[in-house]
Amino acid sequence: MTLLTVAFWVGAVVDLGAAVMMAWPSAFWAKYRYRDGFDYRDRGFVYGMRFGAPLMLGWTVLLLWGAAAPDERRGLLLITIVPGIAGLALVDAWASWSGILKPVMAWGTRVLQLAIVALFAFAYFAG
């Protein structure tokens, strides 16, 4: 298995986990991720999360498609970094600064995002 294939599979697994958590936000991390008083059971919040879940699942499938022909589809890794991961990081930063998201909870996500960016970039350029 090449490094490109590993990168695609790692991304797919992470995105699948995110899609599941987005589909059922109150069953996973929502009550711990947001500031006290944030209503993670609010129908609007749940709707927004569930609205995004199929998109995350779609990106999971796209990364699996990339794994099927990693050399030909390596560009997907860069597209996943920007605007994908970079956009998510900016939204999390805004949520932390605005007081919606507990900053300490954003750090775990940030570490994961940076690790994936490093893996994807290294795989793209070295693979």
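This note goes through the predicted model from the whole chain down to single residues.

1. Ground rules. The model is predicted: local features need pLDDT of at least 70, side-chain atom pairs count only at pLDDT 80 or more, and totals for chains, interfaces and linings use all residues. Residues are numbered from 1 along each chain as its sequence is written, and side-chain values use heavy atoms, with hydrogens and water left out.

2. Overall fold. The chain has 5 helices and 0 strands. Its pattern along the sequence reads α-α-α-α-α. The radius of gyration is 15 Å, close to the 14 Å that the globule rule gives for 127 residues, so the chain is as compact as a globular protein of that length. Helices (H or I, at least four residues) and strands (E, at least two) are DSSP runs, numbered from the N terminus. The radius is taken over C-alpha atoms, and the globule rule is 2.2 Å times the number of residues to the power 0.38.

3. Box and contacts. Along the principal axes, the C-alpha atoms fill a box of roughly 45 × 25 × 20 Å. Take contacts (heavy atoms within 4.5 Å). Among those between residues at least 6 apart in sequence, 74% join residues at least 24 apart.

4. Surface and charge. Buried residues make up 35% of the 127 residues. Buried means under 20% relative accessible area, exposed over 50%, and partly exposed in between (1.4 Å probe, protein chains only). There are 10 positive and 7 negative side chains, and the centres of the two sets lie 6 Å apart. Lys and Arg count as positive, Asp and Glu as negative; His and the chain ends are not counted. Each charge is placed at NZ of Lys, CZ of Arg, CG of Asp or CD of Glu.

5. Thr-60. Thr-60 lies in helix H3 (residues 43-68). Its relative accessibility is 5%, so Thr-60 counts as buried. A polar atom of its side chain lies 3.0 Å from the backbone oxygen of Met-56. Not counting residues up to four places away in sequence, Thr-60 touches Ala-12, Asp-15 and Leu-16.

6. Arg-110. Arg-110 sits in helix H5 (residues 103-126). Arg-110 counts as buried because its relative accessibility is 16%. Leaving aside neighbours within four places in sequence, Arg-110 is in contact with Ala-89, Asp-92 and Ala-93.

7. Met-1. Met-1 is in the segment before helix H1 (3-23). Met-1 is exposed, at 80% relative accessible area. Its C-alpha atom is separated by 37 Å from that of Gly-48, 47 residues apart along the chain.

Methods. Polar contact = N/O pair within 3.5 Å; in protein donor to acceptor, adjacent residues only side chain to side chain.
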